Structures are given as structure tokens and as C-alpha cells.
Amino acid sequence: MARTTPRGAPTEMKCPMSLAEVDLFSAGAQEHWYEAYPLLHAHAPVYRIPGEGMTSDRDAFVLSKFEDIAMVVRDGARFPVLQFADAPPADADDIKPPRNVSQIANQTLRPNPEMWQAHRQELTEPWVGAGATRHREMIASAANGLIEQWIDKGEVDFVGEFARPLPQIVMATVLGFPLEDIPRLAVWGGAQVKPFVFGRGHRNILTADEIDDQTRVLAGFAAYVEDQVAEKRRRPGEDMISFLTQVTYSPIGRKLTDDEINGIVYGMVIGGLETTQYAIAEQAQLLCEDPAMFSTLRADRSKLTRFTEEALRLRSPTQGLSTRITSQDEIFQGVLVPKGSSLHLRWAAGNRDPQEFERPDEIMLDRKAVTRHVAFSQGPRSCPGSGISRQEQHIAWECLMDHIDTLEYAPGNTFEHQPGIMLGLYELRLKFTKAAAG
């Protein structure tokens, strides 16, 4: 029957009871992903999607086992990213988005795995990497400022009034955008992730009309960033765009062009908003469902990092992506996957693999190697913004627990998720009691 638990609203998509009923990509599938994953693990850990490869005569395969996913993401030569793979055959007839500024910048800044690594080390990690602690006070100030707007009300639209605006404020500040431009940035960010929300199938395909609309909207974003870059060149500040206008990138031995900076900024926006929003909203649900956990974390903040990592594993913000292909015939879990096949890496299923994680459907604050999940992928192409996202999540809950004694669901929640490949709630209404010293 249709699910009615807090992880999803009733939809026409029924809860799968057998492998034949598993469908990860149709409308409403989001509400039953976590019932589908045990069926895949047990009966089809390598799930074939006929005719859904790079061309209609090739197949795609969904990998749901942790060991397979981890092996693929760590070996870029054997399982190349589409960007570094051989060009698709000339008869590829899928509707694909036009090239954006990020793809254009890829050609000069990171056209191969070696320069991809240099790109991370020199251009992005100083600002959003794990060691970029310069933003801690700014993130805490942003979180506290949002909380102060609703802390005396006793109830909050947690997505709209906290989980969504926090990463918007943080990313705008990191890049150096005026905060009054956040509503425009939100529109542009929505256009960037449009394929992952409204695209069809595991390849997130948009129609020609949808692509035209996306292109029109993003043209405005490119023009906006161009103006910002010009201003930062005239009057550099203490922000990432100013840094990018001044830095010399060692692999090419020169400073960056405006288009190259525009491409980096595009990637920062697309990767810096959605994941953090979804993660914080899912963590709030987990704490509403386990009040004792909330009390434990309030009493011992040293456990917050373990909680956020376990929450990322348990409810991965991005459920999966189709970014790799096979460079040779492969065998996964006894299944032959031919050369040239597309691989859909189902991060969320791998993170609940019972052969890899003890009690995979529970949060265990004492779990060993708590960061070894694949919510942000692994290896050289792990999410470049994972460091600042982790900071935001941890600091968000530090600030929330400074202000709130108890947290629970408010009436009226539907727990409905947006379409697409990300675990994103439309809204989440919560009740709370204000801390006595808050």
C-alpha cells in the first residue's frame, strides 16, 4: 500500500513488494526508495535497464552494493567519468542540455583527471574544502540570525525558514555576492539543478522546451556573474571570486579568464545549495522521530559530527547519479556488464548495504569509520563542497541546540518529496520549545 510514514506522503506509486515492482525513476518513486533498496540488494544488486545506455543499443546498470560503488569511484581509468571518456557514438540521439559555462571551463581548467585534482587543490579547496575553517563564524552568524526570526513563535517551516536559506546565505557570502541578491540566486540555482529534479530516467533528460527555458534563465546568471567578476577585478575583496581574479593556476601558468571564473562559480552554486538543505531537513526528521537522540546530542555536542555523518549515510541527499561508464567488460556480483555500459551509482542503496554496515537502518553514534559512507562519493572526484557542507550541518545543529530544548512534528505535514534524484522535502513544519537561556 502507499506509504504514510514520515519519510513520504501517499502517492499513486505503490510500495514495491517484489523486484518486479521496483521502479527508481518514475513519478512518486521518491516515497518508496528505501523499500526498494533491500529488494535490489537481495535479488538484483546489479539491475539492468535495457536500452538506457549512451545509445539505444547499449544498456545501463544500477549498482546498489557498497563494494561495487566504492570500487568504481576510486578507479577513474577503469570506470571513466563521462567527461573523460571517449566521445559517444555519432548516432547518440538523446536530448541533452547545451553546454554551459562550467563545461566550457572544463576544457581549459580540468580536461583530465590530473588537472581535475589540481583544480580542487588550488581553486576550490581553500574556500570550501575540509580545511577551510575561515567560514565558521560567518556560518554561525547566519544560522543564529535565521533562528532569531522565528524562535519566539514556537513553530517553524523548517525548510523555508532555515534549511533552505542557510546554505544560500553561506554560498553568497563565500562567493562575494550581495545578500540582497539571494532571491535571484535561488532562481538561478533552481535552473541549474532542473535536470536532477525534472529530468526523466536515470540520465535526467529534459525535453527541448525545458532546455530552452533553462538556457534562457541561466543566461541571466552568466551575465550577473560576469558583472560581479568585473567588479571584483576593479575592487577585490575577501571572497572567493576576488581570489579567483587574482590567483595564478599552476597547470596553465596564468590567471583565469572571466569565462573560466564564471564556470567555477556555476559549479559552486550548483553544488553548494541543494545538498546541504536536504541533509539538514532530513536530520530534523530523524531527531523528531527519536527525541532521546536530540537530548543526547544537546547534552554532548562532541557527538554531533557522528550524528550528521550517520544521517548522511542513512538518508543520502543525492540518491544516485549516472556519471560513469565501463572501459572494458566487467563482472559485478556475478553479472556481466559489457564495455561501454552506463553505470548508475546508487549512493543511498550502498549506504544501507547490510553486508557493509551493521544495523544499516539505524543511527549508531559509536559506528566505526563513521565517514566511510558514499553520500559525497569517494576518491579523487568526491564532492568538492563536502567540507563546507559538513561544517554547515554541524554548526547549524550547534546553534539550533543552543536555542531549542525539544523538537517535534507540527500538525499538517505531508512529508512530500520533490521529484527527481535528490531526497528533498517541499516543506517541514516543526514545533519546539525555546531553551530557557536561548
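This report describes a helix pair and a sheet in a predicted model.

## Basis of the model

Local features in this predicted model need pLDDT of at least 70 and side-chain atom pairs count only at pLDDT 80 or more, whereas totals for chains, interfaces and linings use all residues. Residues are numbered from 1 along each chain as its sequence is written, and side-chain values use heavy atoms, with hydrogens and water left out.

## Helix 5 against helix 7

Helix 5 (residues 136-148) and helix 7 (residues 165-175) have axes that come within 10 Å and cross at roughly 145 degrees, where helices (H or I, at least four residues) and strands (E, at least two) are DSSP runs numbered from the N terminus. Axes are lines fitted to C-alpha atoms, for helices over the stretch in contact, and angles run from 0 to 180 degrees between N-to-C directions.

The contact (heavy atoms within 4.5 Å) involves Met 138, Ile 139, Ala 142, Ala 143 and Leu 146 of helix 5, and Pro 165, Leu 166, Ile 169, Val 170, Thr 173 and Val 174 of helix 7.

Strand 2 (residues 60-63) and strand 9 (residues 342-345) run parallel and are joined by four bridges; Ala 60 has Ser 342 in strand 9 as its bridge partner.

Definitions and conventions:
Two strands pair if DSSP finds at least two bridges between them.
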